[in-house]
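Hello,

Here is the structure I promised to pass on to you.

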Amino acid sequence: MIRDVKHCPPIESDRPLATSTQPLVVALAGNPNSGKTTLFNRLTGARQHVGNYPGVTVERKEGACHRGGVPLKIVDLPGTYSLTAFSVEEKVARNFIVEDRPDVVVDIIDATNLERNLYLAVQLLELGAPLVLAFNLCDATQQSGIQFDLTKLSASFGAPIVQTSGKTGDGLDVLLGAVVERARHRQEWSGKTVNYGPVVEREIASLGAVLAAAGAGQEALRWLAIKLLENDPDLIARYTHPPVVEALAQSRARIERETGEEASSLIAGARYAFIAAACQDTVQAPAAARRTMSDRIDAVATHRFFGLPLFLGVMYLVFQLTFTASAAPMDWIEGCFGWLGGVVGAWWPEGAESPLKSLLTDGLIAGVGGVLVFMPNILCLFLAIAILEDSGYMARAAF
């Protein structure tokens with residue numbers, strides 16, 4: 001299921017290891033809420049600054065630290081689940097890795113949700129990035145009794161693995177040591193990639209040949225072909241050469257005709273199958289930890305039969321909350337502005353026609369009141385959405 005990336009030139013920096021004026025550039029990548037920013041803050045402390053990436057309002061954090069006399073420049077990339085750029089944050093994170101070519105990419109992984117977080121790691125390996133995997137939240141996994149065979153996992157992914165904890169600071173020195181060693185011995189680690197099956201692999205090779213003929217030799221052709229088959233909008237917009245467009249359409253059509261599935265679904269499924277196989281004999285969890293409360297909620301919230309009725313019921317409750325709970329505040333606001341309009345209108349004799357009276361009562365007071373009367377609806381709606389988002393239900397509903 002795995003093979004060395006021999007036909008996919010790795011993204012390696014041509015910088016020297018480090019000099020006093022040119023530190024190693026280390027990019028921190030990872031899923032949102034994986035503890036990436038906490039680790040960044042612990043590594044850099046007060047030696048950091050914040051700005052925006054050029055042309056976008058996405059926050060850019062950089063900091064500095066040292067390990068064994070080697071200066072390191074740490075860049076905290078925006079959180080992303082995938083290197084397929086559907087959002088600005090994903091595009092910024094991927095472009096930094098592809099275009100700026102950091103010396104080392106550290107993928108911060110929530111070790112309590114290993115298989116989901118390793119999806120990004122697989123894509124980074126396919127890209128050929130010089131990678132170090134940081135299994136974060138190791139204090140939580142130890143409390144749950146989860147154990148890892150890091151030697152086998154490291155061999156499966158072709159990258160060194162370090163257990164860390166942003167909460168306690170455990171493993172940070174070991175992580176920095178692994179980063180320096182990874183930069184020093186870039187060529188000694190051969191990345192691994194997924195075998196997507198004969199049909200998809202054939203089309204990847206065919207599309208890669210077309211891309212090479214079109215002059216796309218500066219990037220990893222295998223990775224680029226995979227991303228185009230995954231319908232990456234940014235790369236599709238970039239590669240509009242007619243032979244590439246035609247070859248891509250033909251490859252997608254052949255894959256769907258021969259397998260009955262879209263290329264993007266097959267690719268995602270193969271990646272998760274590879275991750276599951278790598279974790280099968282290398283991750284040991286006690287029976288109590290295998291089925292958590294979250295797993296029991298997932299069994300209902302994502303059930304193929306019960307999931308949709310549950311979603312409709314939750315949406316109905318949100319609708320009722322929005323209009324029922326906000327009814328009384330709306331009446332209060334409407335009454336207050338009605339009373340205020342009456343008070344201001346009483347300043348003029350009954351039946352008097354005045355442009356100023358009309359401006360104040362019919363324009364200013366009635367207009368502002370007509371807008372503010374909907375504030376309880378909006379507040380209740382956003383409160384309900386925040387609860388659903390923070391509880392994790394929105395992610396389950398999307399799944």
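What follows is a short tour of what I found, going from the whole chain to single residues.

First, a word of orientation: please keep in mind that this is a predicted model. The protein chain contains 18 helices and 11 strands. Of its 399 residues, 44% are buried. If you take the contacts between residues at least 6 apart in sequence, 71% of them join residues at least 24 apart.

I would start with strand E6, residues 104-110. Seven of its seven residues are buried, so the rest of the structure largely encloses this strand. The burial applies to both faces: Val104, Val106, Ile108 and Asp110 are on one side, and Val105, Asp107 and Ile109 are on the other.

Which strands pair with E6? Strand E2 (residues 24-30) runs parallel to E6 and is joined to it by five bridges, with alanine 27 standing opposite valine 105. Strand E7 (residues 131-136) is also parallel to E6, and here there are six bridges. In this pair, valine 106 has valine 132 of E7 as its bridge partner.

Asparagine 117 is located in H3 and is buried, with a relative accessible area of 2%. A polar atom of the asparagine 117 side chain lies 3.1 Å from the backbone nitrogen of aspartate 110, and aspartate 110 is one of the buried residues of E6. Beyond its neighbours within four places in sequence, asparagine 117 is in contact with Asn31, Ser34, Asp107, Ile108, Ile109 and Asp110.

Is threonine 80 buried or exposed? With a relative accessibility of 3%, threonine 80 counts as buried, because the cut-off for that is under 20%. Setting aside neighbours within four places in sequence, its contacts are Gly30, Asn31, Pro32, Glu90, Ala93 and Leu120. For leucine 120, the C-alpha to C-alpha distance from threonine 80 is 8.0 Å, at a separation of 40 residues in sequence. Asn31 is in contact with threonine 80 and also with asparagine 117.

Strand E5 (residues 70-76) has an antiparallel partner in strand E4 (residues 59-67), with seven bridges between them. Glutamate 62 has valine 75 in E5 as its bridge partner. The two strands form a hairpin with two residues between them, and glycine 68 in the turn has a positive phi of about 60 degrees.

H14 (residues 307-325) has 19 residues, which should span 27 Å at 1.5 Å a residue; its end C-alpha atoms are 26 Å apart, in agreement with that. Its buried residues are Gly307, Val314, Val318 and Thr322. Viewed down the helix axis they fall within an arc of 75 degrees, so these buried residues line one face of H14. An α-helix has 3.6 residues a turn, so residues three or four places apart point the same way. On the face of H14 turned away from the buried side you will find the exposed residues Leu312, Tyr316, Leu317 and Thr324.

H7 has 16 residues and reaches 23 Å from its first C-alpha to its last, close to the 22 Å expected at 1.5 Å a residue. The buried residues of H7 are Val199, Val200, Glu201, Glu203, Ile204, Leu207, Gly208 and Leu211. One of them deserves a look: glutamate 201 has a relative accessible area of 13%, and its side chain makes a polar contact of 2.9 Å with that of arginine 222. Just after H7, glycine 215 takes a positive phi of about 90 degrees.

Alanine 395 is exposed, with a relative accessible area of 53%. Between alanine 395 and alanine 301 there are 9.9 Å in space, C-alpha to C-alpha, and they are 94 residues apart in sequence.

Note on methods
Residues numbered from 1 in each chain as written. Predicted model: local features only at pLDDT ≥ 70, side-chain atom pairs only at ≥ 80, totals over all residues. Heavy atoms only, no water. Buried < 20%, exposed > 50% of the residue type's maximum accessible area, 1.4 Å probe, protein only. Helix = DSSP H or I, 4+ residues; strand = E, 2+ residues; numbered from the N terminus. Pairing = 2+ DSSP bridges. Expected span 1.5 Å × (residues − 1). Arc of directions from axis to C-beta. Polar contact = N/O pair within 3.5 Å; in protein donor to acceptor, adjacent residues only side chain to side chain. Contact = heavy atoms within 4.5 Å.
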